[in-house]
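Subject: Structure handover

Hello,

Here is the structure to take over. My notes follow it.

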Amino acid sequence: MTTPTGTGQKWIGRSVKRVEDRRLLTGRGTYIDDHPPVGNLFHAAIVRSPHAHARILGYDLGAALALDGVAGVITGADVARHSKPFSVGVTAPVHYYCAATDKARFVGEPVAVVVARSRYLAEDAAELVQVRYEPLPVVVDPERALEPDAPVLHEAVGSNLANNRRLVYGDPDRAFREADVVLKERFRFPKYGSTPIETYGVIARWDTLEGVCTVWSNFMGPFIMHPLTARVLGLPENRLRFIVPPDIGGSFGIKSLIYPYIALLALASKLTGVAVKWIEDRREHLLASSTGTDRVAYRELAAKKDGTILGMRFKWFDNVGGYIRSPEPGCSFRPTGNFVGPYRFQHLEVDASTVMTNKSLTGPNRGYACGHLYFETEGMLDRLAEKLGLDPVEVRRRNLIPTGAFPYRTPTGGLYDSGDYPATLDRAVQLAKYAELRREQATARAAGRYFGIGIALAVDPSVSNMGYVATALDPQFRAKPEYLPKSGAVDSATVKVDPLGRVIAILGTTPQGQGHQTIVAQIVADELGLVPEDVTVVDEMDTFTRVWSISSGTYSSRFGSVGTSAVALAARKLKAKLVAYAAHLMDRPPESLEFRDGSVRPRQGKGPSYSVKDLAGRAHWNTESLPEGMEPGLQATAVFGFTVARSVDAEDRVNSSNTYGFIAEIMAVEVDPETAAIKILRYVTVHDAGTIINPMIAEGQIYGGALHGLGGALYEELAYDEDGQCLTATFMDYLVPTACEAPTIEIAHVVSPSPLTPLGSKGLGESSSMTVPAVVANAVSDALGPLGIRINELPMTPSKLHAMIQKARKT
Amino acid sequence: MADLVTVRLKVNGVEREGRCEPRKLLVDFLREDLGLTGTHVGCEHGICGACTILLDGQAARSCIMLAVQADGAELMTVEGLAQDGKLHPLQEAFREHHGLQCGFCTPGMLMTSLDLLRTNPTPTDEEIREGISAVLCRCTGYQGIVNAVRAAARTPGGSR
C-alpha cells in the first residue's frame with residue numbers, strides 16, 4: 001500500500017496546474033446554459049408570488065395563452081393534480097410542493113410556469129398571467145412566529161414549529177450546578193447565501209412515449225434528491241434521468257436545492273409536451289433559491305475558576321422560511337458529532353427548534369450550520385476568558401482535546417479521526433506573532449485607537465454521514481419496527497486502460513470549480529506510475545450510466561476525502577490485475593513482482609518487465625494470453641464507503657461526518673470609531689486537513705471559504721421588512737465582497753493523515769467559511785472592548801456598528 | 001413580437017451579422033445568435049461583471065446594453081484572447097496563479113483585467129483590486145486573480 005509519505009508519490013502533494021483551466025479560460029466551458037442537449041427547446045418563465053403570505057383564489061390565463069408562441073401555462077393547481085409533495089425530514093405535516101398550490105408562503109414562491117418559444121416571449125406571457133390572491137398576515141421573526149397569536153403558515157401543522165428536539169449528552173444540569181462560573185448570551189446569525197455567479201439552470205424533456213424524463217441541470221447532489229423527485233413525479237427511479245454538465249459555475253451548497261425546480265420543469269415539460277429550458281435570473285435567485293438559516297441562539301456555559309469548561313447549553317431557533325424542506329433541519333443537526341468543537345467537555349444540552357416564517361427557503365450554505373455553531377461557541381470562549389481574566393488563547397488551550405487522544409469519540413457520537421489541536425493552535429500563535437500583536441494592541445490602545453485580536457478554532461467536518469438527518473426524529477419514533485435506519489457516505493470511481501496504455505477515469509461527481517479532473521489525474525498517475533497528462537478524467541454525472549448511491553454528489557467537503565479514496569482504490573484494483581497478468585506472462589508468482597515507475601518488475605534481481613502500455617496492448621488484443629479465470633478487460637470500479645458512518649443511536653449520538661479537520665485562526669483588526677470601518681490588519685489561518693493532494697487547489701478553497709465567511713460577517717444579508725418583502729433582491733442591495741474587501745491571508749498547514757482514507761486525505765472545501773464569522777466578531781469585540789461593546793449579532797454593517805459605538809460613547 | 005432588425009458588427013476581428021428583435025440584449029445576441037457562449041450572464045443588472053466584453057476597446061457590460069446599440073461596433077470577447085491555439089499571457093497567468101476555480105466569472109474577469117492593463121500597464125496591488133472590483137468572483141477570494149494580473153503586467157504582451 002502506498003503511504004502518504006511513501007516514495008510512490010510523485011504527483012500527490014504538488015501544485016499541479018489544473019486540467020480544467022484551458023477550456024474555462026478560452027470561453028469553451030460547457031455550463032448548463034451553453035449548449036442545448038436537445039433540439040427544439042422551449043423556454044420557461046416562472047410567475048412568482050408578490051405576497052409573503054396569501055391565499056391563492058384563482059388564475060386567469062387567457063391573455064397569456066393567447067400570445068403567439070406560447071406552448072402552455074401550468075399553475076399550482078396542475079402541480080397539485082399531477083405531483084406529490086416532497087418528503088420532509090420531520091414528522092410535522094408540511095406539504096411542500098414544487099410550486100404554491102393553496103397559499104403562497106414567501107415572496108418569490110413559484111405559482112405558475114409559462115412555456116414559450118423564447119425566453120423573451122415567455123416573460124411577456126408571464127406578465128399577462130393573472131393570479132388572484134387574498135393577502136394574509138405575515139411573520140418573519142422566528143421567535144415571534146412561535147407566539148400564540150402569530151399567523152400560522154401551515155394550518156395542518158397548527159403552529160409554525162416545524163420541529164423541536166431536546167438532546168442531552170452527559171449530565172449538563174450537574175455541570176451547571178457544580179460550576180464556579182455560568183455565562184449566558186444571546187446571538188443572532190444572519191440569513192445569507194453564497195450566491196454562485198452562475199444561477200440555477202434546468203432543461204427537462206419528458207418523453208411520454210418512452211415514459212422517461214431526462215433532466216439536465218447544474219444540480220450538485222446529494223443524489224438522495226433523485227429518488228425523492230422521482231416519487232414526487234410518480235416515476236420509477238430508472239425512468240428519471242439526471243444529467244449534470246461538465247462545468248458548474250459555483251455552488252457552495254446552494255445548488256443542492258435546485259430539486260424543486262427540477263420537478264417543476266419536468267411537470268411543465270410533461271404537461272406542455274415540449275422540452276423546456278429555464279435559466280434562473282439573479283432576482284429569482286436572491287428571492288427564491290436557497291440560503292442558510294437566520295438563527296436566534298441562547299447559549300450558556302458552565303466552567304470552573306481555572307477556565308475548564310464543564311458543560312454547555314444551546315437553545316436554537318432556526319428560521320427555515322415558508323416550508324421546511326430536505327435536507328433541513330440539517331441546519332441544527334448536521335454538526336451533531338462536532339457540537340463540542342475541539343473542546344473536551346462532556347456535558348451538553350441542545351434544544352433545537354426549527355421554525356417556519358414568511359421568508360425564502362433554506363438549505364446547506366458553505367459550512368452548513370458550522371458558521372452558526374462556531375460563531376456562538378467561540379464568542380462564549382472569549383466571554384469566559386474575559387470573565388476569568390485569562391488570555392483567549394490560554395482559555396482555549398486549557399480545554400482542547402489533547403494531542404494523542406485520537407481517534408477521539410465526542411460525547412455526541414462524533415469520531416474525530418486524527419489531529420493535533422494544541423500543535424495547530426501553537427502554529428497559528430507563532431505565525432501571527434501573537435505576543436507581538438498584543439504588545440501592538442497595548443500601544444494602540446494607549447494612543448486611543450481601537451485595535452483588536454480575535455481567535456477562532458473549529459473542527460472542520462467533511463463527508464456528511466446521511467444518518468445524521470435522523471437526529472431530527474424522536475428516538476421513540478426511530479425505535480418503531482417500521483422505521484428504517486439511515487447511514488452512509490460512499491463514492492465511486494472507474495479506472496480503465498485503453499489498448500495503448502492510456503487511462504480514463506470516470507467519476508460520478510459534480511464539481512463546481514474544485515478541480516476534480518486535476519486531482520484525479522494526480523492520484524491515478526501516482527498509483528500507476530504515469531504522468532497526469534496520461535490520464536483523462538470524465539466527471540459528467542448521469543444517473544443512468546454512473547455508479548452512484550443516495551449520498552453521491554459534491555457537497556459537505558466530500559471529494560477530498562471519499563472521492564479521492566474511491567479513485568485510489570479503483571486504481572489499486574486495476575494495478576493488482578495488471579500485476580497478476582504480468583505474473584502469468586513471466587511465469588512468476590505475483591508476490592515476487594511489484595509495480596514501479598509504470599511497469600511491473602521483479603522485486604529483486606533482473607528479469608523482464610512489462611510496461612502498462614505493453615500489458616494493455618496484449619490484454620486487449622489477445623485475450624488468449626490472459627490467465628485462466630481472469631476476467632477480460634482492463635478496468636476496475638471501486639465504491640468506497642466509510643464503516644464509521646453509523647445510524648444515530650438511541651441516545652442521539654451520531655458520527656455526523658466521517659473525517660474531521662481542524663482550523664485555528666487569528667485575526668487583528670482596527671476599527672475606526674468615526675466611520676465604523678473595520679480594517680483587517682492580519683489574518684492567519686492554519687488548517688489540518690490530513691494529506692494535501694494539491695496545495696494550490698487547497699489554498700484556493702481556503703481563500704474562497706474565508707471570503708464567504710467575511711461576506712456573512714460584514715456585508716451579506718437577505719433582509720426582509722415586516723411585510724415579508726425582500727429588501728435585497730439585486731446585487732446593488734445584496735453586497736457581495738469585491739477584491740477591495742478581500743483580505744490578504746497567511747495560510748499554513750499541519751498534516752495529521754486520516755487513518756480512515758487510503759491517501760490520508762480529508763475534506764477542506766468549507767474551511768474558513770465556518771471560522772471567519774467568529775474570528776471577525778471576536779476581533780471587533782476585542783477592539784471595542786474599552787467601549788464595552790461585544791458583537792453578538794451579524795452582519796456588523798457599518799451603520800449597526802456606528803450606532804453601537806455612538807451609544808457606548810454617550811454612556 | 002417586434003420586427004427583426006439586422007445587427008452587423010466585428011467580433012474578435014471577424015465581421016458578423018445577425019437578425020434579432022430590437023429589445024435583444026447584446027449578451028443574448030452574442031450567445032444565442034453568434035454562438036459565442038464564452039461570455040456569461042450572472043446578474044442581468046450590470047453588477048457582477050461576468051458579461052464584460054471590450055466594446056471599441058473599452059470594457060462594457062453586455063447584459064445592460066442592446067444588440068442594436070452595438071451595431072457597427074468592434075467587439076472583443078473571451079474567445080478572441082488566445083491566438084493560434086496559444087493562450088494570451090493573461091490567460092497563462094490566471095492558470096499559473098490559480099486565478100479561477102469554477103470559471104464562470106473568468107471571461108468577465110479576463111476582459112476587465114485586460115482593460116485595466118491597457119489603461120494602466122504597471123498597476124499596484126491596490127490598483128489591481130480596484131480595477132477588478134468591477135467583477136464579482138465567489139470562488140477564489142480574489143487572491144489568485146490579483147497575483148495573476150500582477151504577473152501578467154510583468155510579462156511582455158500581457159496587455160496586448
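How far apart do the C-alpha centres of domain 1 of chain B and domain 2 of chain B lie? They are 21 Å apart. Please keep in mind throughout that this is a predicted model.

Domains of chain B

Domain 1 of chain B covers 5–80, and domain 2 covers 89–153. The contact between them involves 18 residues of domain 1 of chain B and 15 residues of domain 2 of chain B. About 1200 Å² is buried between the two domains, and carbon and sulfur atoms give 64% of that area. On the domain 1 side, B:H40, B:L54 and B:V78 lose the most area to domain 2 of chain B; together they make up 36% of what that side buries.

Between domain 1 and domain 2 of chain B the rule finds 0 salt bridges. The polar contacts across this interface come to 5 residue pairs, both residues at pLDDT 80 or more. Two strands of chain B, β3 (52–55) and β4 (58–61), each supply at least two residues of the domain 1 side that touches domain 2. By residue class, that side of domain 1 of chain B has 9 nonpolar, 8 polar and 1 charged.

The loop between β3 and β4 of chain B contains B:D56. This residue is not a glycine, yet its phi is positive, near 45 degrees. B:D56 is exposed, because its relative accessible area is 55% and the cut-off for exposed is over 50%.

Chain A against chain B

Here 49 residues from chain A meet 44 residues from chain B. The area buried between chain A and chain B is about 4100 Å², with 59% given by carbon and sulfur atoms. In chain A, the residues that lose the most area to chain B are A:L25, A:Y120 and A:I197, which together account for 20% of what that side buries.

There are 5 salt bridges between chain A and chain B. One of them joins the side chains of A:D124 and B:R23, at 2.8 Å from N to O.

Which elements give two or more residues to the side of chain A that touches chain B? They are α1 (21–25), α4 (119–128) and α18 (695–715) of chain A. The largest share, 8 residues, comes from α18(A). The residues of that side of chain A divide into 20 nonpolar, 18 polar and 11 charged.

Inside chain A

Helix α18 of chain A also holds A:A706. Is A:A706 buried or exposed? A:A706 is buried, because its relative accessible area is 5% and the cut-off for buried is under 20%. Leaving out residues up to four places away in sequence, A:A706 touches A:Y683, A:I745, A:S768, A:S769 and A:V772.

In helix α17 (residues 612–621) of chain A, the buried residues are A:V612, A:L615, A:A616, A:G617 and A:A619. Against what do the buried residues of α17(A) pack? The helices are α15 (516–528) and α16 (559–586) of chain A. The strands are β19 (490–497), β22 (593–596), β23 (599–602) and β24 (610–611) of chain A.

Backbone points to check in chain A

- A:G221 and A:P222 are joined by a cis peptide bond, with omega about 0 degrees. A:P222 sits in the loop between β10 (212–217) and α6 (225–233) of chain A.
- A cis peptide bond also joins A:F406 and A:P407, with omega about -5 degrees. A:P407 is in the loop between α11 (392–397) and β16 (408–409) of chain A.
- A:F252 is not a glycine but has a positive phi of about 60 degrees. A:F252 lies in the loop between β11 (240–243) and α7 (259–272) of chain A. A:F252 counts as buried because its relative accessibility is 12%, under the 20% cut-off.

Regards

Definitions and conventions. Residues are numbered from 1 along each chain as its sequence is written. Chains are lettered from A and ligands numbered from 1 in the order in which they are written. This is a predicted model: local features need pLDDT of at least 70, side-chain atom pairs count only at pLDDT 80 or more; totals for chains, interfaces and linings use all residues. Side-chain values use heavy atoms; hydrogens and water are left out. Domain bounds come from an automatic or database domain assignment. Contact means heavy atoms within 4.5 Å. Buried area is the accessible area (1.4 Å probe) that two parts lose on being put together, summed over both. A salt bridge is a side-chain nitrogen of Lys or Arg within 4 Å of a carboxyl oxygen of Asp or Glu. A polar contact is a pair of N or O atoms within 3.5 Å; within protein, one must be able to donate a hydrogen and the other to accept it, and residues adjacent in sequence count only if both atoms are side-chain atoms. Helices (H or I, at least four residues) and strands (E, at least two) are DSSP runs, numbered from the N terminus. Ala, Val, Leu, Ile, Met, Phe, Trp, Tyr, Cys and Pro count as nonpolar, Asp, Glu, Lys and Arg as charged, and the others, Gly among them, as polar. Buried means under 20% relative accessible area, exposed over 50%, partly exposed in between (1.4 Å probe, protein chains only).
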